[in-house]
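Here is a short note on the strands and sheets of this structure. Please read it with the model open beside you.

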Amino acid sequence: MKAFNRRNFIKGAGLTLLPAALPTIPALSHITSPEMPPNESIVKFYGDGEMYDGLSYLEQLQAANNKQPLKVDRYGAGGAIEELEKKFETITGKEKAIFMPSGTMANQFAIAMLSGENTKVYVQDTSHVYRDEADAAQSVFNKRLIPLAKNQTYFTAEELKRAIENLDNEEVFKSGIGCVSIENPVRRTDGRMIPIGEIKKISEYCRSKNLKLHLDGARLHMASAWSGISIREYSSYFDTVYISLYKYLGASGGAILCGQKSVIEKMPHMIKIHGGSMFGNWLNGAMASYKLDTIEETLKEAIRRSKEIFNTLNQIQGLKITALDNGTNIYELQVPINMNVQKFGDHLAKEYMIRISRPNAGGIARITVNETLLYREPKYIIDAFKDALNKAK
Ligand SMILES: Cc1ncc(COP(=O)(O)O)c(C=O)c1O
């Protein structure tokens with residue numbers, strides 16, 4: 001049973017046919033009418049949602065344009081960018097939102113602005129800010145990151161309090177605590193979340209000490225969908241919040257930073273002097289804005305269907321899919337130990353256009369629930385797994 005790949009069909013039709021061949025894809029058509037071929041046919045049990053390639057990106061933009069004509073921005077002002085910023089102000093409940101070319105920039109500028117002249121910044125050891133931003137805080141912004149909770153998803157309010165209270169015993173020269181930055185969910189711990197109770201305690205402690213708090217919420221929609229806590233509530237505990245536009249929101253890059261007007265209004269100057277002010281940003285803004293309108297509904301449906309699929313598959317002997325502790329959309333898949341994992345994966349991919357990460361020697365892999373799960377009915381995915389398991393015995 002080979003799945004129909006509309007994308008290759010369009011490619012085969014030739015690029016010169018592009019304007020006429022571009023089909024209209026109403027928002028959520030893959031949810032409301034499952035028979036319709038999806039814009040991308042591959043169910044991907046990995047990655048940060050659909051990453052549209054050239055042609056499918058244009059299809060999505062055309063669908064967005066059909067819903068509402070796309071409008072260009074100039075240097076981030078007006079058009080699709082302004083519209084996106086307004087939507088994020090509403091979603092987060094923050095006074096102001098601003099588009100930035102990258103999440104790294106959003107994190108670094110937020111931390112720098114919240115810290116002022118003070119240099120010490122508390123972060124998770126596992127955070128993107130600490131491990132994956134090329135020491136920008138230290139080398140560009142004169143901030144010293146102090147990592148807490150080695151290899152853990154989060155530090156507790158108590159641990160933060162102890163570290164701050166101990167500072168005077170551990171260091172002689174004072175340069176002031178700038179802010180605290182938290183990532184949630186945490187990419188390096190397989191998307192695990194910080195319990196909301198702990199976030200509340202950290203926020204209360206920071207406010208009592210007049211310390212500013214930043215949230216790297218690159219994948220905040222995942223935390224929200226899996227915990228049931230709104231983006232607005234999460235945001236309320238922080239001074240600034242960054243959300244990625246290309247993880248789960250389909251854009252080919254970009255970030256949004258939200259916070260108090262007085263903080264966000266400093267950002268255009270920061271973006272300009274760091275060379276991040278781009279003439280046109282609307283292609284990313286329009287895509288993210290379009291996807292943002294339906295992301296909650298899409299994720300809700302993906303969760304509902306994943307439960308149905310996983311519950312059924314878990315009745316198969318030797319196969320087990322389990323949620324991670326405090327997890328979001330990343331699960332552990334255990335396949336029968338003596339199975340040919342290569343055959344299993346190849347069969348799923350070639351015959352059913354379902355891709356999973358290759359299980360390790362112990363038969364364990366991480367699988368991710370994202371919108372691509374909706375490209376096929378649960379029964380199709382369940383039957384595909386059963387067939388692949390049989391073939392790989
Ligand atoms: C948690 C987290 N924060 C920030 C970033 C940075 O985003 P960007 O690639 O837009 O700089 C990433 C990117 O992978 C991330 O995973």
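1. In strand E10, Glu332 is the bridge partner of Thr322. Strands here are DSSP runs of E with at least two residues, numbered from the N terminus. The model is predicted: local features need pLDDT of at least 70, side-chain atom pairs count only at pLDDT 80 or more, and totals for chains, interfaces and linings use all residues. Residues are numbered from 1 along each chain as its sequence is written, and side-chain values use heavy atoms, with hydrogens and water left out.

2. Strand E10 covers residues 330-334 and pairs with E9 in the antiparallel sense, over four bridges. Two strands count as paired if DSSP finds at least two bridges between them. Strands of a sheet pair through backbone hydrogen bonds, either parallel or antiparallel.

3. Which strands make up this open sheet of three, and in what order? The order is E9-E10-E12, and the pairing is antiparallel. Strand E9 (320-323) and strand E12 (364-368) are the edge strands, each pairing on one side only. From one strand to the next, the twist averages 30°; axes are lines fitted to C-alpha atoms, and angles run from 0 to 180 degrees between N-to-C directions.

4. Another open sheet has seven strands in the order E2-E8-E7-E6-E5-E3-E4, with mixed pairing. Its edge strands, E2 (96-100) and E4 (144-148), each pair on one side only. Neighbouring strands of this sheet are turned by 20° against each other on average, direction ignored.

5. Strand E7 (residues 240-244) and strand E8 (residues 255-259) run antiparallel and are joined by five bridges. Ser244 has Ala255 of E8 as its bridge partner.
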